[in-house]
Amino acid sequence: MFTVSLICLATSGCSEDEVGSVSLGLFTTKDIKIQIFNDPKVLGVTCHLSHVKADLDFSDPSDMGIACRQTGHITKEMIETINRSKSGEVVFTASKSILFKSMKIRRIFDAKNQTLMYLSYSTKEIQGSHKHSLSTVPLWGTKAWKTLINRDESSFSIDS
């Protein structure tokens with residue numbers, strides 16, 4: 001397994017978390033890379049992140065897309081460990097240039113709708129815009145939903 005990974009890294013520039021690569025053309029050094037990201041605290045969530053990798057440039061383009069889905073159990077204990085502030089917490093970071101630009105994924109919990117939101121974004125403004133993409137994972141139907149939620153007519157809340 002290690003040898004296969006080492007050969008893969010040496011010959012194609014892929015990594016173990018890379019699950020896809022699409023060339024943008026014969027006369028470009030840019031490819032769309034698709035990486036897998038597993039939430040370190042909410043183990044039942046897997047995200048796929050697509051972004052452009054420019055092999056011979058000092059900086060990669062800031063465009064990206066993200067899609068996150070429930071791929072396993074999400075429990076009350078997992079949800080209790082996450083940051084529930086409005087700004088959430090950074091759960092993934094990758095460098096996109098040699099100077100100060102990175103791509104981040106931030107997990108934010110929407111308590112009212114019992115949904116995990118995953119925001120991917122660039123930390124550097126490009127052409128007047130901070131590039132970003134959003135994906136959501138509802139907790140409905142999970143072990144967390146069944147054990148965490150008190151349903152009343154006005155709102156949802158997490159049991160203490």
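**The disulfide and its setting**

Guide: Let's start with the fold: along the sequence, the protein chain runs α-β-β-β-β-α-β-β-β-β-α-β-β. That makes 3 helices and 10 strands, where helices (H or I, at least four residues) and strands (E, at least two) are DSSP runs numbered from the N terminus. Keep in mind that this is a predicted model, with local features needing pLDDT of at least 70 and side-chain atom pairs counting only at pLDDT 80 or more, while totals for chains, interfaces and linings use all residues. Residues are numbered from 1 along each chain as its sequence is written, and side-chain values use heavy atoms, with hydrogens and water left out.

Now for the part you asked about. Taking a disulfide as a pair of cysteine sulfur atoms within 2.5 Å, the count here is 1. C47 is the one joined to C68, with S to S at 2.1 Å. C47 sits in strand β3 (residues 45-54) and C68 in strand β4 (residues 64-70), so the bond ties together parts that are 21 residues apart in sequence. The S-S torsion of C47 and C68 is about 105 degrees, so this disulfide is right-handed.

And how covered are the two cysteines? C47 is buried at 0% relative accessibility, and C68 is buried with a relative accessible area of 0%. Buried here means under 20% relative accessible area, using a 1.4 Å probe and protein chains only. For context, 37% of the 160 residues in the protein chain count as buried.

Technical notes
Buried means under 20% relative accessible area, exposed over 50%, partly exposed in between (1.4 Å probe, protein chains only).
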